[in-house]
Amino acid sequence: MTRLSGEAASGSAEATASAGTPLQGYLAALATVAIWAGFILLSRLGGKTGLTSWDIVALRLGVGGGLLLPLCWGIRHHWRDLRLWAMAGIGGLLFLVLVYAGFKRAPAAHGAILLPGMQPFLVAALAWWLLGSRPTRQRLWGLVPIALGVGCVAVPVLAGQHSGPSTLFGDALLFAGSLAWALYSVLVKRWAFDPWLLTRFVAVTSAALFLPVYLLWLPKGLDTVPLGMLVLQGLYQGIGPTIVAMVLFLRAVAILGAERTGALVGLVPVIAGLGAVPLLDEPLTGWLVAGLVLVSTGAWLSSRPALAKKY
């Protein structure tokens, strides 16, 4: 799930003069949306099993880092860059630990709103604070539906409907994970690192830091689920969001531009939220539907070309 932020990825992707038809661009963007929505649904599915959140982090980093390790020889001169290590800690370890722990407690639909849905809001706030990139009045109005959508999710939680202390704590973890990813995205823009360099560095260094700690000290539940679930989590989490979605996202941005691609990413909350109803047997309430629609609308408004040019 990685909105490496249209702003963060557009510099390198749009600089690449890659030929492609609009149809190819839209297919790449929609495939990216599907993978990110699947990440939310599969993360919650794993959270409902006996797997610990540490298990899912280890499966993702083990597969993703292992596959990307042979491709890291060309970036060996970057290992001493402390900025890259900081970004690996924020966008790799911190993000994954918070998100998978959140999905142990909160529904997938909440994750759909608090993860991709909150990104335009959080990125705008952090970019204003850290980069001095003050959003225009138009962009601020585009963020209003996102705030209203999150409020729609908060209403039943505060009223004690379909929730409990565990759900509220899960939502807090998901929000913290979304904040970590927004900070990561803003730092990508500030330090202007190439997305493919970051993909490899973050995956490999996060795996190198986390896996020894996991193997030696952290609780495990690998023996509580069938082998098929381990394979599904490892392959999807390690390959889909980590590698394939990044390549497809950059391809879409190169053909369609950051603004149109970002607008399509606004579909992620709706697809994940609605998909959780039949796949995970989650309730579909009126408040939840309103929240999904508002957050997706806000994400689309925040990605309109007329607004994005002034960000």
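Predicted model: local features only at pLDDT ≥ 70, side-chain atom pairs only at ≥ 80, totals over all residues.
Local features require pLDDT of at least 70 and side-chain atom pairs pLDDT 80 or more, while totals for chains, interfaces and linings use all residues. Numbering starts from 1 along each chain as its sequence is written, and side-chain values use heavy atoms, without hydrogens or water.

The whole structure contains 2 salt bridges, each defined as a side-chain nitrogen of Lys or Arg within 4 Å of a carboxyl oxygen of Asp or Glu. Arg44 pairs with Glu282. Their closest N and O atoms are 3.8 Å apart. Arg44 belongs to helix H2 (residues 22-47), whereas Glu282 sits in the loop between helix H12 (268-280) and helix H13 (286-302), so the bridge ties together parts 238 residues apart in sequence. Helices here are DSSP runs of H or I with at least four residues, numbered from the N terminus. Arg44 is buried, at 13% relative accessible area. Glu282 is buried too, at 9%. Buried means under 20% relative accessible area, exposed over 50%, and partly exposed in between, with a 1.4 Å probe and protein chains only.

Arg83 bridges to Asp81, with closest N and O atoms 3.1 Å apart. Arg83 is partly exposed, at 35% relative accessibility. Asp81 is buried, at 18%.

Helix H4 (residues 82-102) packs against H9 at about 75°, with axes 9 Å apart. Axes are lines fitted to C-alpha atoms, for helices over the stretch in contact, and angles run from 0 to 180 degrees between N-to-C directions. H4 is therefore roughly perpendicular to H9, a label covering 65 to 115 degrees. H4 contributes residues including Trp85, Met87 and Leu93 to the contact. Among those from H9 are Phe201, Leu209 and Phe210. Contact means heavy atoms within 4.5 Å.

H9 spans residues 195-217 and includes Leu216. Leu216 is exposed, at 60% relative accessibility. Together with Val213, Leu215 and Trp217, Leu216 makes a nonpolar surface patch of about 490 Å². Patch residues have over 30% relative accessible area and no salt bridge; nonpolar side chains (Val, Leu, Ile, Met, Phe, Trp, Tyr) are joined within 5 Å, like charges within 9 Å. Areas come from the Shrake-Rupley method with a 1.4 Å probe; for residues, only the protein chains shown count as cover.

Leu230 lies in helix H10 (residues 227-256). Leu230 is buried, at 17% relative accessible area. Leu230 touches Leu51, Leu59, Leu222 and Val225, leaving aside residues up to four places away in sequence. The C-alpha atoms of Leu230 and Gly46 are separated by 9.1 Å, although the two residues are 184 residues apart along the chain.

Key: Helix = DSSP H or I, 4+ residues; strand = E, 2+ residues; numbered from the N terminus. Parallel < 35°, antiparallel > 145°, perpendicular 65-115°, else oblique.
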